[in-house]
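These are my notebook entries on a structure that I had not looked at before. I went through the surface, the chain contacts and the charged pairs in turn.

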Amino acid sequence: MFSVGIVGVLTRRNAIVVFMSVELMLNSANLTLITFSSYLGDATGQLFVFFVMAVAAAEAAVGLAIIIAIFRNKLTVNIDEINILKW
Amino acid sequence: MEQSYLLTYLLAIPLIGSLLLIFINKEKEQLVKYFGLAVSLIAFVISLIIYFGFDNQSGDFQFVEKFNWVRGLNISYHVGVDGLSMLLILLTTFLTPLTLLSSWNGIKKRVKEFTFFMLILELGMLGVFVSLDMFLFYVFWEAMLIPMYFIIGIWGYDRRIYASIKFFIYTMAGSLLMLVAIIWLVVYSANILGGFTTNLLDLYKTGPTIDKSIQGFLFLAFALSFAIKVPIFPFHTWLPDAHVEAPTAGSVILAGVLLKMGTYGFLRFNLPLFPQASLDYAVLISVLAVIGIIYGALVAMVQTDMKKLVAYSSVSHLGFVILGIFALNQESVQGAVIQMINHGLSTGALFLLVGMIYERTHTRKISDYGGIAKIVPFFSFALLFTSLSSIGLPGLNGFIGEFLILIGAFKSTVLNSWWFTVFAATGVIFAAVYLLWMYKKVVFGEVTNHNLDSITDLNLREKLVLIPIFVFIVWIGIYPSTFLNVSSKTSEKIIKLVTSPQNQIELGKVDAPK
Amino acid sequence: MIHLIYLTVLFPLFGFLFNGILGPKIKNEKVIGIIGSGTIGIAFIIAVGALFETLALPVDQRLTIITLFQWIDVAGLNIHFAYQVDQLSLVMSLVVTGVGFIIHVYSIGYMHGDKSFWRFFTYLNLFIFAMMNLILADNFLLLFLGWEGVGLCSYLLIGFWYDRKFEKSTTASAGLKAFIVNRIGDFGFLLGMFLIYSTFGSLIFTDVFSRALSFNVPEHIFTLIAIFLFIGATGKSAQIPLLVWLPDAMAGPTPVSALIHAATMVTAGVYMVARCSIIYASAPTAMMVVAVIGVFTAFFAATIGLVQNDIKKVLAYSTISQLGYMFLALGAGAFSAGIFHVMTHAFFKALLFLGAGSVIHSMHDVQDIRHYGGLKKYMPITYGTFLVAATAISGIPPLSGFFSKDEILWYSYANLGIVFWLIGVITALLTAFYMFRLYFLTFEGKEKFDSHKTHPHESPKLMTVPLIALGVLSAIGGFIGIPEIFSGDHGNLFHTWLAPVFKSAEIKLMNIGSHSHFEEILFMAISIVAGVAGIYYAWYAYLKKPAVADKTASRFKGAYNILLNKYFLDEAYEASVVNPIVKGSENILWKIADNRIIDGTINNLAKLVDNISGTIKKIQTGVAQSYALVMILGVLIALLWLIISYS
């Protein structure tokens with residue numbers, strides 16, 4: 001799942017899809033944490049998942065806000081066209 | 001001797017002056033100019049006070065001040081003068097007010113910024129000459145580049161950006177290598193002396209103990225930086241561009257003082273710190289110097305731009321100075337010292353004159369001139385007088401320097417060959433060719449360009465700028481002892497440091513008793 | 001007055017400063033002229049006083065040194081502004097100030113009406129100042145100051161009328177040529193000085209010359225010193241190979257030609273070699289070089305003078321030729337004979353030039369002798385004095401030129417051999433010929449100018465009185481040097497006066513062989529015959545049968561052309577030395593070496609940095625995903641490394 005997320009980040013052109021992939025990566029990490037927490041019987045893993053979810057939510061909020069700002073200026077969410085920092 | 005703070009006052013004056021200048025409203029151009037002139041004149045007066053308190057008989061550093069700066073590395077604010085720096089300080093404080101005076105009408109925009117940079121530049125130059133701490137020296141050395149960069153870049157002529165960037169990067173590149181060498185030297189000395197120090201006097205004791213092959217690298221690292229500054233062939237190509245594109249004041253200060261910092265560096269650092277390497281490389285550097293003398297003269301001969309001609313003449317003249325330094329006897333080193341002063345005066349005056357005529361005609365091309373002797377007689381006389389000084393006519397200052405250098409080089413045991421002198425002396429012929437040829441084309445003949453008919457002769461302010469220089473040209477030419485005596489003990493000391501390194505090794509003793 | 005000798009240097013300096021600073025404001029020719037000439041006149045009087053005081057001293061104590069103040073004191077070099085009064089410097093001083101004064105007075109008349117009248121006298125006084133430093137100096141360095149100083153004044157005075165054309169170029173170019181050629185000679189002089197200092201440890205004459213006798217110096221060092229100094233002399237005294245500046249120097253006003261390029265500056269080289277007689281005596285090879293160049297130059301220049309049509313050019317080549325005689329004398333070891341000829345030559349050559357000036361003045365600046373003719377009835381004084389001078393230079397007794405030239409010819413035979421003497425005699429014949437060619441074409445014969453347009457007249461008294469003065473000197477000046485065979489007990493007075501100066505040198509030479517009086521009189525007779533023959537041929541070719549000259553010229557067209565064009569010497573130098581250096585510097589050194597190679601390297605270095613950064617900057621794509629890709633790759637590599645290093 002993590003690798004699927006990576007591929008999505010690297011190859012998709014639509015910024016929203018990239019964010020979805022990032023969420024996918026984070027959720028895959030969550031899944032791993034819960035699985036092993038259950039397997040090892042340690043509650044710390046499950047606790048950590050909460051942290052991750054909170055961070056994911058915050059990051060998604062900020063990221064989507066930035067994309068909306070960019071969209072308002074450049075009228076596109078195609079990452080290839082947002083290259084002002086190009087040389 | 002009681003502690004004297006005169007050197008700090010000397011450095012403080014341009015610093016405080018430039019800071020105060022910031023508060024003056026830039027609309028009040030006259031006030032700015034007068035203020036700048038006043039500050040530089042006060043600095044000159046202070047340097048005169050120092051001169052009158054200077055003891056010619058002592059070869060040691062005088063007016064020494066030392067305050068701790070960075071305690072951990074034992075870096076201190078350590079300043080002092082000896083015979084060599086005394087003369088150069090006087091030259092600096094003498095030329096700066098003259099330069100400001102000559103730019104009175106020439107600089108029309110941003111006068112406040114210009115004066116500010118000139119004062120900072122003066123601070124940097126004075127700092128270089130009085131520093132006795134390697135770190136402090138390096139700071140001032142690099143600091144001087146900044147105002148110069150701006151002066152050329154803002155108030156210069158057509159290709160000023162190219163010229164100022166070239167000047168800045170070229171000089172800095174050399175200096176970086178010197179920084180590496182400084183660090184190496186300080187670390188090495190820390191092992192011997194049991195603690196870090198950047199005090200030059202301490203380093204004088206440890207430098208000569210460095211193993212010969214490594215000493216060679218250090219010598220070359222320092223030498224590269226100074227060689228670019230002097231400039232020594234083939235590191236000279238920044239000079240014509242910088243000089244041509246700089247405004248008159250910039251050219252005068254550049255030629256008058258900045259170039260001397262390179263030769264000063266050789267005498268103050270390369271020779272005493274690395275005596276064995278100096279002896280090893282003396283022949284090589286002298287060969288480059290002689291090539292520079294002839295090459296500079298020949299290329300000057302075929303220039304069509306007056307300023308470029310004078311710029312190449314600088315390369316040629318400073319070749320003499322380098323030859324004098326590395327011939328390493330009393331005649332040649334004294335000749336080199338006095339020639340540094342001479343070059344500052346003569347070439348400075350030449351640039352002033354070119355600037356004055358440019359202000360009237362807005363062209364530097366020799367072919368645009370001809371026959372101006374009738375139109376501007378005083379200028380013509382001044383140009384002839386200055387050219388003769390630069391050529392080395394006996395009775396004027398240039399001859400003293402050139403003669404001493406050549407006769408020293410002839411009998412030098414370090415160079416050990418007459419050929420250096422033979423080739424260098426041909427420079428004497430070529431100097432007459434390029435300067436008098438230019439003079440003939442510009443001043444004599446018939447007036448072919450009738451735009452020149454209405455130009456005015458030099459006014460009082462311009463004469464006031466030139467006449468003090470002329471006075472010194474004649475003074476040094478007829479009675480040079482006034483100036484030679486200031487540096488003679490120092491020259492002796494430096495020569496001895498190089499040619500008898502054994503005396504140095506004893507820690508705690510720098511001067512061998514006579 | 002000996003102790004006041006420095007005033008002979010300072011008075012002209014004062015005149016220079018006075019006329020230089022106040023001249024443009026005063027505008028009164030009389031004042032400027034009086035100050036200008038007066039300073040020289042006073043200097044002359046002081047020199048005369050010093051002469052009498054020196055005469056009163058015993059013969060072996062006639063060297064006095066007057067020190068003013070220190071000049072340079074560095075290590076072993078301890079030079080002062082100090083002046084040496086001895087027999088040699090007194091002779092030179094009297095000639096310079098005496099003839100100089102006469103020429104200054106003449107110039108007041110000649111330069112009348114010139115708008116730069118003040119500048120002329122300023123430069124003239126500066127010249128005398130420098131010349132006096134040269135001849136009175138007690139050390140090589142002060143001599144060199146005067147040496148270069150006279151070169152400077154020559155430059156300024158040749159180009160005095162700086163906006164005028166001269167031949168194919170300008171007067172300013174002629175002045176520059178003089179300065180540069182002189183400087184080439186000075187290069188040699190400097191090397192000589194360096195070698196003297198490093199050999200003898202001093203540059204002061206008395207030190208050097210006494211050490212030359214006492215130190216054990218190998219001969220080749222003496223030879224080198226002598227040759228280097230002589231190179232300087234060939235520059236200053238216009239000998240082969242550095243003679244090309246003197247004919248061009250005729251661009252200057254005629255009094256300048258008279259003073260500088262006849263009587264004084266050009267003799268500086270002769271003076272210097274004579275002063276260093278002991279050095280030359282210790283280097284026989286060098287003496288031979290001096291003699292060969294001297295005699296060859298004398299002949300060479302005389303041949304060119306035969307066909308020149310400009311009155312001043314003839315005199316210029318004549319000067320070069322006579323200077324050659326002086327060096328011939330020095331090379332033969334007859335130092336006092338050389339100085340004797342300096343003196344007599346100053347008299348008659350200055351007179352010839354001033355007379356030429358008088359003619360040029362009245363003929364409205366026409367200098368071509370083919371447009372003269374028959375002037376003797378218009379300008380009696382000029383004609384008379386010119387004739388005296390021409391006869392003197394042709395070596396006809398009892399005029400001064402005979403005594404000095406004959407002494408030189410005799411010693412060249414006695415010490416060097418018949419060949420030198422023969423060339424000398426032939427040159428004497430040529431001298432008489434071209435001189436009288438000049439005289440006949442100018443003053444005698446048919447008038448070749450339009451007497452309606454040009455009204456030649458005698459010059460004003462300010463110009464003719466100096467002519468008469470010099471005429472008298474040219475006539476009787478030789479009696480001070482009557483050879484021993486005639487003057488019996490007195491001996492040759494001039495020679496005796498100068499003998500102590502050259503004593504050590506003559507002892508070293510020891511080659512005055514014994515020649516009989518009969519030989520001496522025989523050779524004297526031959527040289528008189530040669531002079532008379534030259535005059536006769538000139539009379540025949542230019543007065544009696546004028547067509548002969550043109551017919552000879554067309555018959556030997558090739559040779560005539562070569563002589564007229566001075567053997568194309570200038571063109572040869574131009575092509576072989578000047579052009580290669582200038583063109584080479586421009587094209588090779590500047591455009592290629594400096595601009596393309598050295599600067600190019602720097603600029604290419606900058607471009608290289610530019611290119612590298614141009615390539616590297618492409619990493620910044622601006623697209624976030626490529627950055628992410630790099631990051632992930634980095635993480636992968638780090639993981640792999642971790643895994644590998646832990647297994």
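**Entry 1: a nonpolar patch on chain C**

I looked up the nonpolar surface first, and found a patch of about 1100 Å² made by C:Leu629, C:Leu633, C:Val635, C:Leu636, C:Ile637, C:Leu639, C:Trp641, C:Leu642, C:Ile643 and C:Tyr646. A patch takes residues with over 30% relative accessible area and no salt bridge, nonpolar side chains (Val, Leu, Ile, Met, Phe, Trp, Tyr) being joined within 5 Å and like charges within 9 Å; the accessible areas come from the Shrake-Rupley method with a 1.4 Å probe, and for residues only the protein chains shown count as cover. One member, C:Tyr646, has its place in helix α26 (residues 624-646) of chain C, where helices (H or I, at least four residues) and strands (E, at least two) are DSSP runs numbered from the N terminus. C:Tyr646 counts as exposed because its relative accessibility is 72%, the classes being buried under 20% relative accessible area, exposed over 50% and partly exposed in between (1.4 Å probe, protein chains only).

I note for my own use that this is a predicted model, in which local features need pLDDT of at least 70, side-chain atom pairs count only at pLDDT 80 or more, and totals for chains, interfaces and linings use all residues. Residues are numbered from 1 along each chain as its sequence is written, chains are lettered from A and ligands numbered from 1 in the order in which they are written, and side-chain values use heavy atoms, with hydrogens and water left out.

**Entry 2: a buried serine**

Is C:Ser154 buried or exposed? I found C:Ser154 in helix α5 (residues 140-158) of chain C, and at 1% relative accessibility C:Ser154 counts as buried. Not counting residues up to four places away in sequence, C:Ser154 touches C:Trp245, C:Ile260, C:His261 and C:Met265, contact meaning heavy atoms within 4.5 Å.

**Entry 3: which chains touch**

I then asked which of the two pairs of chains in contact share the most contacts, and the answer is chains B and C. Chains A and B do not touch, and their nearest C-alpha atoms are 23 Å apart.

Between chains B and C, 58 residues of chain B are in contact with 51 residues of chain C, and the two chains bury about 4800 Å² between them, 76% of it on carbon and sulfur atoms. Buried area here is the accessible area (1.4 Å probe) that two parts lose on being put together, summed over both. Across this interface I counted three salt bridges, a salt bridge being a side-chain nitrogen of Lys or Arg within 4 Å of a carboxyl oxygen of Asp or Glu. B:Lys374 forms a salt bridge with C:Asp163, with 2.8 Å between the closest N and O atoms. The largest share of the side of chain B that touches chain C, 13 residues, comes from α17(B).

A:Leu10, A:Ile79 and A:Trp87 supply 56% of the area that chain A buries against chain C, more than any other three residues. The count of salt bridges between chain A and chain C is zero.

**Entry 4: salt bridges within chains**

Over all chains, the count comes to 21 salt bridges. In one of them the side chains of B:Asp280 and B:Lys212 meet at 3.7 Å, N to O, and this pair links helix α12 (residues 275-301) with helix α9 (residues 212-229) of chain B, 68 residues apart.

B:Glu331 forms a salt bridge with B:Lys411, the closest N and O atoms being 2.9 Å apart. B:Glu331 lies in helix α14 (residues 330-361) of chain B and B:Lys411 in the loop between α16 (397-410) and α17 (419-443), so the pair ties together parts that are 80 residues apart in sequence. B:Glu331 counts as buried at 2% relative accessibility, whereas B:Lys411 is partly exposed at 32%.

Salt bridges that share partners join C:Lys177, C:Asp248, C:Lys566, C:Asp570 and C:Glu571 into one network.
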